Amino acid sequence: MELSPSHKFPCFQKIRCRMKHSFTSNSRSGFTLIEMLVVITIMGILMSLLMPAINGIRNNARHTQCVNNMKQVSTAVYDYNAHNLKYPYYREKFSDVNSNWIISILQSLGERAMAEAWTNNGEINQKTGNISCLRCPANPLIAKPTNGIYANSYVANCGLEGMTDKNNMADCGVFVDGTTGQRVQRNSLERIASLDGTSYTVAVAENNQAGVWVSESAVAATEPYQIGVMWVKSPSDCHQFNRCNNVTTISAEYARPSSHHEGGANIAFCDNHVSFVNNSISYTTYCQIMAPNDAKAASISGKSELTDPLKTTEVGP
């Protein structure tokens, strides 16, 4: 009978047992410290590469939502004009209560019950509420709805600051004051189209410092700097387009287009198109697109450069 290798060579069996024991004892299921550090390093590198892309996607989503919100507000203003053949006052009094332009378009925004409560001077809780389309998601101060803080990102073109002449208000801004006690000329789409054109005249803009459209006690905001943007004869640095974005003060100095979007702010024009206007826009052009009648506004304010045609190249439809 022929013997197996292990019987012929007893030492071979011992070597094989030792090797088997060695392989078994060295087998493991975890990572070494060095391997773990390598994995963590790789994950950190991947995250550093991915975060800018993720932030970019978030910013784009916020910007898109803001445009959609502004489009909804602009369409409501457009609908008001179609039914009434004129723009709402930026502030007025009806049913013995103060009102503003947002209250005038509540029904077109889908807030019929709230609109009827204002018309009929209803209860406070019927006249107030958070309206999601009035909030820009890029603004960290008001993006999240809070009970009793009925914030608003979108404001009306209220024209030249301090304008009280009832005969010239409509030439300097789209929305006019309805609390002067005088019969004030109001703008319409047809009137603006016959002047500078609806494609180059601002209807609604976004503003970080706009504040609230109505208080918790159902008192409507009525100051132009709360519910509107304006242009001035001698602007300070903060009144320039999209400047001083981190202030929390609400005053006439900050009644200008501003946003938390990088590089500019969204503006809805009277023809109902929404454009992202770059920070590099000149103040002269800003004044031009605010005034429905550049020539008349220039003579009123003493700013002869308002007739400069640069607006057609700096801001387009």
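Predicted model: local features only at pLDDT ≥ 70, side-chain atom pairs only at ≥ 80, totals over all residues.
Colleague: How many helices and strands does the secondary structure of the protein come to?
Modeller: The protein has 317 residues, of which 44% are buried. Among its contacts with a separation of 6 or more, 64% are accounted for by residues 24 or more positions apart. As for its secondary structure, the count comes to 12 helices and 9 strands.

Colleague: Why is strand β8 described as largely enclosed by the rest of the structure?
Modeller: A residue is called buried when its relative accessible area is under 20%, and that is the cut-off to apply to β8, which covers residues 264–269. Strand β8 is largely enclosed by the rest of the structure because the number of its residues that are buried is 6 of the 6.

Colleague: In β8, which residue is the bridge partner of valine 204?
Modeller: Strand β5 (residues 202–206) pairs with β8 in the antiparallel sense, over 3 bridges. Within β5 and β8, valine 202 stands opposite phenylalanine 269. For valine 204, the partner in β8 is alanine 268.

Colleague: Which residue in the turn between β8 and β9 has a positive phi?
Modeller: Strands β8 and β9 (residues 274–278) run antiparallel and are joined by 5 bridges, with alanine 268 having valine 274 as its bridge partner in β9. The two strands form a hairpin with 4 residues between them. The turn residue with a positive phi, about 80°, is asparagine 272.

Colleague: Is isoleucine 34 buried or exposed?
Modeller: Isoleucine 34 is found in helix α3, which covers residues 33–84. Together with Val38, Ile42, Ile45, Leu46 and Leu49, Ile34 forms a nonpolar patch on the surface, with about 590 Å² of accessible area together. Its relative accessible area is 63%, and since the cut-off for the exposed class is over 50%, isoleucine 34 is exposed.

Terms used:
Residues numbered from 1 in each chain as written. Heavy atoms only, no water. Patch = residues over 30% accessible without salt bridge, like charges linked within 9 Å, V, L, I, M, F, W, Y side chains within 5 Å. Areas by Shrake-Rupley, 256 points an atom, 1.4 Å probe, with all protein chains shown as cover. Salt bridge = Lys/Arg side-chain N within 4 Å of Asp/Glu carboxyl O. Buried < 20%, exposed > 50% of the residue type's maximum accessible area, 1.4 Å probe, protein only. Pairing = 2+ DSSP bridges. Contact = heavy atoms within 4.5 Å.
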